[in-house]
Amino acid sequence: MKRLLTATAIGALTATGAMAQMANTDEHIRVRDIIGGDIMTMNAADDEFDWDVDTYYEEVGTDWNDMGEIEDVILNQSGSVVGIVAEIGGVLDMGDKHVYLPVEDIRLVPNGEDDFVYVTRYNEEDLEELEDIDETWWK
């Protein structure tokens, strides 16, 4: 009986801690709130601004250009985001291409209360020169 009570107490404490962790969602973003969002570019050459790992944007810049939309979020096997697949160019899914943008080259930016966009350091010409990827790219 003592073992049962101890096991129950440990289970309750563990569950309580897990629930406390799950309840703190202020820093979490759901992938469904990202997929379909816009890909923005600052349309500047790399040497025209400072892009580093600590660069953070609180809102979409008024001079940024919409280049396409987020098709997929790519994770590594440990669950960390390593990049996104962006659909760029084209009209109504005709003439577009899908490109991979590594996490080093993108920043997630809030765009309203529950909406997000990614901004990339690439300008329009750089994006158009990226390799067009398809489903076989993953294998």
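**Strands and surface**

Mentor: In this predicted model, Met40 stands opposite Val119, a residue of strand 6.

Trainee: Which way do strand 1 and strand 6 run, and how many bridges join them?

Mentor: Strand 1 covers residues 38–41 and strand 6 covers residues 116–120. The two strands run parallel, and the number of bridges that join them is 3.

Trainee: What is the order of the strands in the open sheet?

Mentor: The sheet is an open one of 6 strands with mixed pairing. Its edge strands, each pairing on one side only, are strand 4 (97–102) and strand 5 (106–110), and the twist from one strand to the next averages 40°. Read across the sheet, the order is 4-3-2-1-6-5.

Trainee: Is Ser78 buried or exposed?

Mentor: Ser78 is placed in the loop that lies between strand 2 (65–75) and strand 3, and its side chain is joined to that of Asn76 by a polar contact of 2.8 Å. The relative accessibility of Ser78 is 62%, and the cut-off for this class is over 50%, so Ser78 counts as exposed.

Trainee: Why does Val81 count as partly exposed, and what is its relative accessibility?

Mentor: Val81 lies in strand 3, which spans residues 81–88. Buried would require under 20% and exposed over 50%; Val81 falls in between and therefore counts as partly exposed, its relative accessibility being 37%.

Trainee: About how much accessible area does the nonpolar patch with Val81 have?

Mentor: On the surface, Val81 forms this nonpolar patch with Leu75 and Val103. Together, the three residues have an accessible area of about 210 Å².

Technical notes. Residues are numbered from 1 along each chain as its sequence is written. This is a predicted model: local features need pLDDT of at least 70, side-chain atom pairs count only at pLDDT 80 or more; totals for chains, interfaces and linings use all residues. Side-chain values use heavy atoms; hydrogens and water are left out. Patches are made of residues with over 30% relative accessible area and no salt bridge: like charges are joined within 9 Å, nonpolar side chains (Val, Leu, Ile, Met, Phe, Trp, Tyr) within 5 Å. Accessible areas come from the Shrake-Rupley method with a 1.4 Å probe; for residues, only the protein chains shown count as cover. A salt bridge is a side-chain nitrogen of Lys or Arg within 4 Å of a carboxyl oxygen of Asp or Glu. Helices (H or I, at least four residues) and strands (E, at least two) are DSSP runs, numbered from the N terminus. Buried means under 20% relative accessible area, exposed over 50%, partly exposed in between (1.4 Å probe, protein chains only). A polar contact is a pair of N or O atoms within 3.5 Å; within protein, one must be able to donate a hydrogen and the other to accept it, and residues adjacent in sequence count only if both atoms are side-chain atoms. Two strands pair if DSSP finds at least two bridges between them. Axes are lines fitted to C-alpha atoms, for helices over the stretch in contact, and angles run from 0 to 180 degrees between N-to-C directions.
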